Amino acid sequence: MKAFFYGVSLQWKLDIRSKTLLITCYLVPLLFFALMGGIFTSVNPEARRTLIPSMTVFGVSMGAFIGLPPSLVEIYGGSIRKVYRAGGVPDWLGLALSGTSAFLHLFLMSLLLYAAAPLAFDASLPEHPAFYFAGLALFILVSLAAAAVIGLAVKDPAKTPMFSILVFLPSIMLSGIMFPPELLPGGLQTAGNIFPAAWGYRLLAESGSPAANLRALLVILAASASVCLFLVRRVGK
């Protein structure tokens with residue numbers, strides 16, 4: 001228990017001084033919302049119906065894939081790992097605490113978007129709020145699990161942003177938040193289904209089969225969690 005609280009204290013200090021967390025979980029998603037929300041609704045008034053899900057998917061993907069991996073590299077690839085071990089903190093706790101912290105920040109950012117969109121752009125609220133927020137929690141969890149694979153697998157801080165962007169950009173472009181995926185060639189439509197953003201957007205926008213969307217997200221979660229478990233065990237050796 002002492003090691004747990006020591007890890008929580010250390011994670012709190014890391015969060016306070018983390019500029020990456022502030023930029024990726026709040027600043028960029030909210031600026032994107034302020035700019036693109038007006039553009040989306042001006043070009044296509046029907047975009048008000050899906051504005052909250054689309055902006056949320058962008059913000060969560062940004063915070064997860066761009067924000068989380070550098071934090072994990074800092075913990076497992078640098079001197080912080082030695083501090084964890086000196087304090088008796090188990091190797092898995094760094095991942096758990098970083099993921100929990102990022103989850104809370106991304107959920108808060110999503111709540112801000114949920115509250116601001118109707119006021120700023122007359123966006124429609126989801127028809128089933130309980131289902132929306134349950135789906136949002138799952139989508140954030142899946143995105144963080146997938147992003148954690150990058151943070152644990154890529155140990156070079158200089159290469160981490162490159163791999164993060166290589167996942168983030170296609171996940172957004174192929175997710176359907178920018179334009180309908182039906183406009184893309186079949187191969188790109190299939191490629192888009194690899195990423196959590198595509199299924200998360202369908203789930204939050206209540207598009208397609210809810211069961212299929214949930215099933216796909218759970219499969220990605222299980223696969224990502226299995227890889228993360230393997231990588232954490234490898235780090236501990």
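How many helices and strands does the secondary structure of the chain come to? It comes to 10 helices and 0 strands, where helices (H or I, at least four residues) and strands (E, at least two) are DSSP runs numbered from the N terminus. The model is predicted, so local features need pLDDT of at least 70 and side-chain atom pairs count only at pLDDT 80 or more, while totals for chains, interfaces and linings use all residues. Residues are numbered from 1 along each chain as its sequence is written, and side-chain values use heavy atoms, with hydrogens and water left out.

**Overall fold**

- Along the sequence the elements follow the pattern α-α-α-α-α-α-α-α-α-α.
- The chain has 237 residues, and 47% of them are buried; buried means under 20% relative accessible area, exposed over 50%, and partly exposed in between (1.4 Å probe, protein chains only).
- Of the contacts in the chain with a separation of 6 or more, 78% are between residues 24 or more positions apart; a contact means heavy atoms within 4.5 Å.

**Annotated transmembrane regions**

- An unreviewed UniProt entry places the feature "transmembrane region" at residues 21-40, 52-72, 92-117, 129-154, 161-179 and 212-232. UniProt positions are given in the numbering used here, feature names are shortened, and annotations may be inferred rather than shown by experiment.
- Residues 21-40 are 100% helix and 0% strand, with 26 Å between the end C-alpha atoms.
- Residues 92-117 are also 100% helix and 0% strand, and their end C-alpha atoms lie 37 Å apart.

**Largest pocket**

- The largest pocket has a volume of about 490 Å³. On a 1 Å grid over the protein atoms alone, a pocket is an open set of points where a 1.4 Å probe fits, with protein on both sides within 12 Å along at least five of seven lines. Grid points are joined across faces, edges and corners, and a volume is the space filled by probe spheres set on the points.
- Its lining has 27 residues, and Gly176, Ile177, Phe179, Pro180 and Tyr201 lie nearest the centre; lining residues have an atom within 4 Å of a point.
- Helix 2 (19-43), helix 3 (51-76), helix 8 (186-192) and helix 9 (196-204) are the elements that give two or more residues to this lining.
- The lining of the largest pocket divides into 15 nonpolar, 9 polar and 3 charged residues. Ala, Val, Leu, Ile, Met, Phe, Trp, Tyr, Cys and Pro count as nonpolar, Asp, Glu, Lys and Arg as charged, and the others, Gly among them, as polar.

**Second largest pocket**

- The second largest pocket holds about 380 Å³ of space.
- Among the 18 residues that line the second largest pocket, Leu95, Ala96, Ala145, Ala148 and Cys228 lie nearest its centre.
- Two or more lining residues come from each of helix 5 (91-121), helix 6 (129-153) and helix 10 (210-236), and helix 5 supplies the largest share, 7 residues.
- By class, this lining has 14 nonpolar, 2 polar and 2 charged residues.

**Buried residues in helices**

- Thr24 is in helix 2 and counts as buried because its relative accessible area is 4%.
- Beyond its neighbours within four places in sequence, Thr24 is in contact with Pro29, Gly59, Met62, Gly63, Ile66 and Gly67.
- Ser110 is in helix 5 and counts as buried because its relative accessibility is 1%.
- Not counting residues up to four places away in sequence, Ser110 touches Thr56, Val60, Leu136 and Ile140.

**Loop residues with positive phi**

- Asp122 lies in the loop between helix 5 and helix 6, and its phi is near 55°, a positive value in a residue other than glycine.
- Asp122 counts as exposed because its relative accessibility is 56%.
- Leaving aside neighbours within four places in sequence, Asp122 is in contact with Arg48 and Ala117.
- Asp122 and Leu51 are 71 residues apart in sequence and 9.5 Å apart in space, C-alpha to C-alpha.
- Glu206 is in the loop between helix 9 and helix 10, and phi of Glu206 is near 55°, a positive value in a residue other than glycine.
- Glu206 counts as partly exposed because its relative accessible area is 34%.
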